Amino acid sequence: MIGYILRRIGTSIVILIGVSIFIFGLLHAIYPSPALDVLGARANTALVNAWNKQNGFDQPWIVQYLRYVGNLLRGNLGWSYKLNQSVASLFAEVWQRSAYLSGASLVLSVVIAIPLGVYQAVRRNTIGDYTATSLAFIVYAMPVFFLGLILINVFALDLHWFGFEASQSNSLISIILDVHDMTLPIVTLTLLTIASYSRYMRSSAMDVLAQDYIRVARAKGLPERLVLMRHLLRNASLPMVTLIGLSIPYLLAGNLITETLFNYRGLGLLFYTALGNVDYNVLLAYTLIGAVLTIIGNLVADIALTVADPRIRLA
Amino acid sequence: MATTAGSLPPLDITRAPEGGEVGPIQSGWRLAVREFAQNKLAVLGLAILLFFVLFSFIGPYFYHGNYLTSNLIDTNLPPGAGHPLGTNNQGYDELALLMNGGQAALEVGFFSAAIAIVWGALWGAVSGLAGGMVDAVLMRIVDVFLSIPFLFIVLIVAVRYGASVLSLSLLIGAFSWLVPARLVRGEVLTLKTRDFVSAARVAGSGQSRLIARHLLPNAFGVMIVNVTFQVADAILAIAALGFLGFGLHWPNQDWGDLLSNGVTYIQDGYWWQVYPVGACIVLVVMACNLIGDALRDSLDVRLRRR
């Protein structure tokens, strides 16, 4: 098993290098130098060239890449020329908010989707199953922002139960305590994630229900509750580990749109603002962070699965 | 047996005699079509998709609403005579906007799915057939692309170079060939050990002929299923782009843009600027998903009733 994990980590590092070269190369090709942003749009060529030389933007692409990676490893994510602040400090200000939004909705969706999928598989083709399947199917086809809009319209504007804007507070504690304003953003992301997770969970639970060990457990007289808890739930949840790892890019995209819709000042909204400003280093750093999170997510999911599932460990 | 495609007898398992009835031998594709046609949800999905194709591309010939020139007298009119779905803050007719936006959504959806499937299938087939180092390198490249947050890159490039139907299709296509590539590779890995492939090889087929004539046609099932999901994903992606304000430019409209425009007035109760367009996106995406699910079931031999 150690050998497998080491090999898996090795592959991840190779992929990480490939991803960073691709993203850096692409963004570098799109925005070769921030000189005009710093010097002003009407700076003359001589000035631009001098600035490029002074800041190393005249060097070959690969040299700039290596220097960027060197800086990254020392925790320097670059400088935002638009906000005149280091990207690392910008991220440090807001990352907790995004982590809270994404984390809360991810935990909620897993906690709800797993029992829901099991319920649907056990009570297959009943009214409850059909209702849940249809609802999941509709939500699955919804763009994040449309779902959020419906929730805002109904629960914030019509019923006045919750706020239509996310919490604007600077302290994480008061954001967490601000249930009135944080419910809708979290629910939006959660519903969307549940819609896809519960579909997988349902089919995974149906596969497990057809296995011999479930029949054995029932035949030896185990109460149905224990069959479901001990044998079905644990085995059916295994594919969810992989699914969560694989769904990180979608979670990040959902996070971006939800934060924009609810005006929640996290990493997603920062990225959105940077798009409008063409704040090159912020775009580059956040895209890279997204890729790193995806790779780590997949790696952790694979390792967790190896640890949890003895059939894979022995293979 | 003189049974034609149009007059297949309905499947009736319950009344089939013991040991099974000997019927006409039918090709796998015809069985799949019959299976598909008996799935009510799939037919519903196909009907919805067909409706939106007609609505978006033929509709404008019958319904001439204004979606190109601002008309500040008729702004934000509720649905009524002359404007079945009302107007927006520019005085544009919502129904005409929906038709126009539908063209963009469907064009980008199908075009990017076509790019993804062709490129992905070739990539996967070459990778699976070649094996060894080539396979390892090609698949690591797929892994690299799968780890890139796709929406971020699409946004960055669209902001820099502007969004058009062509550029968005290329861009979305460039990031959606990965799943088809993996699927086709898996299919080719099992197909290439089969006897008919060895026979073709012995008969002197080269690698490219093997791929084009023997491997890809047999992997067609997984490809066609995946196309429908790709269309749905692409439509959602351009809707997101439009909503964030980086979508198509005038005179092209996209549904996401319409929706984000309607959001501004949601507090005024102008529901017709939000719900019809939202329903359009959901219906088209749902139709694609329904068709995809049904195709997957009908092409899966194990699930097929004979």
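Trainee: Why are helix 10 of chain A and helix 11 of chain A called roughly antiparallel to each other?

Mentor: Keep in mind that this is a predicted model. The axes of helix 10 (residues 212-219) and helix 11 (residues 224-246) of chain A cross at roughly 155°. Angles over 145 degrees count as roughly antiparallel, so these two helices of chain A are roughly antiparallel. Their axes also come within 10 Å.

Trainee: Which residues make that contact between helix 10 and helix 11 of chain A?

Mentor: Helix 10 of chain A brings A:Tyr213, A:Ile214, A:Ala217 and A:Arg218, while helix 11 of chain A brings A:Val227, A:His231 and A:Leu232. By class, the contact holds five nonpolar residues, one polar and one charged. Helix 10 of chain A passes helix 11 of chain A in a right-handed crossing.

Trainee: What is the handedness of the crossing where helix 12 of chain B passes helix 13 of chain B?

Mentor: That crossing of helix 12 and helix 13 of chain B is left-handed. Helix 12 (residues 255-263) and helix 13 (residues 275-299) of chain B pack at about 150°, and their axes are 9 Å apart. In this contact, B:Trp255, B:Leu258, B:Leu259 and B:Gly262 of helix 12 meet B:Val277, B:Gly278, B:Cys280 and B:Ile281 of helix 13. Six of the residues in the contact are nonpolar, two are polar and none is charged.

Trainee: What makes B:Gly120 count as buried?

Mentor: B:Gly120 has 25 other C-beta atoms within 10 Å. The cut-off for a buried residue is 20 or more, so B:Gly120 is buried. B:Gly120 is found in helix 4 of chain B.

Trainee: Which residues is B:Gly120 in contact with, leaving aside neighbours within four places in sequence?

Mentor: B:Gly120 is in contact with B:Trp177, B:Leu178, B:Pro180, B:Ala181 and B:Val184. B:Gly120 and B:Met223 are 103 residues apart in sequence, but their C-alpha atoms are 9.2 Å apart in space.

Trainee: Why does helix 9 of chain B lie largely in the open?

Mentor: Helix 9 of chain B (residues 195-202) has eight residues and the number buried is zero, so this helix lies largely in the open. Just after helix 9 of chain B, B:Gly204 takes a positive phi of about 100°. For chain B as a whole, 47% of the 306 residues count as buried.

Trainee: How many helices and strands does chain B have?

Mentor: Chain B has 13 helices and zero strands. Among its contacts between residues at least 6 apart in sequence, 72% join residues at least 24 apart.

Trainee: Which residues touch the most other members of the largest nonpolar core?

Mentor: That core has 164 residues, and those touching the most other members are A:Leu283, B:Val154, B:Leu155, B:Ile235, B:Leu241 and B:Val284. Helix 4 (residues 94-130) of chain B gives the largest share of this core, 18 residues. Setting aside residues up to four places away in sequence, B:Leu241 touches residues including B:Val154, B:Leu155 and B:Phe246.

Trainee: How many residues of chain A are in contact with chain B?

Mentor: On chain A, 34 residues are in contact with 32 residues of chain B. Helix 1 of chain A gives the most to the side of chain A that touches chain B, with nine residues. That side of chain A has 28 nonpolar residues, six polar and no charged ones.

Conventions
Residues are numbered from 1 along each chain as its sequence is written. Chains are lettered from A and ligands numbered from 1 in the order in which they are written. This is a predicted model: local features need pLDDT of at least 70, side-chain atom pairs count only at pLDDT 80 or more; totals for chains, interfaces and linings use all residues. Axes are lines fitted to C-alpha atoms, for helices over the stretch in contact, and angles run from 0 to 180 degrees between N-to-C directions. Helices (H or I, at least four residues) and strands (E, at least two) are DSSP runs, numbered from the N terminus. Angles under 35 degrees count as roughly parallel, over 145 as roughly antiparallel, 65 to 115 as roughly perpendicular and the rest as oblique. A crossing is left-handed if the near helix is turned anticlockwise from the far one by less than a right angle, and right-handed if clockwise. Two residues are in contact if their C-beta atoms, placed from the backbone, lie within 7 Å. Ala, Val, Leu, Ile, Met, Phe, Trp, Tyr, Cys and Pro count as nonpolar, Asp, Glu, Lys and Arg as charged, and the others, Gly among them, as polar. A nonpolar core is a set of buried Ala, Val, Leu, Ile, Met, Phe, Trp, Tyr and Cys residues joined through C-beta atoms within 7 Å. A residue is buried if 20 or more other C-beta atoms lie within 10 Å of its own, exposed if 12 or fewer, and partly exposed in between; C-beta atoms are placed from the backbone.
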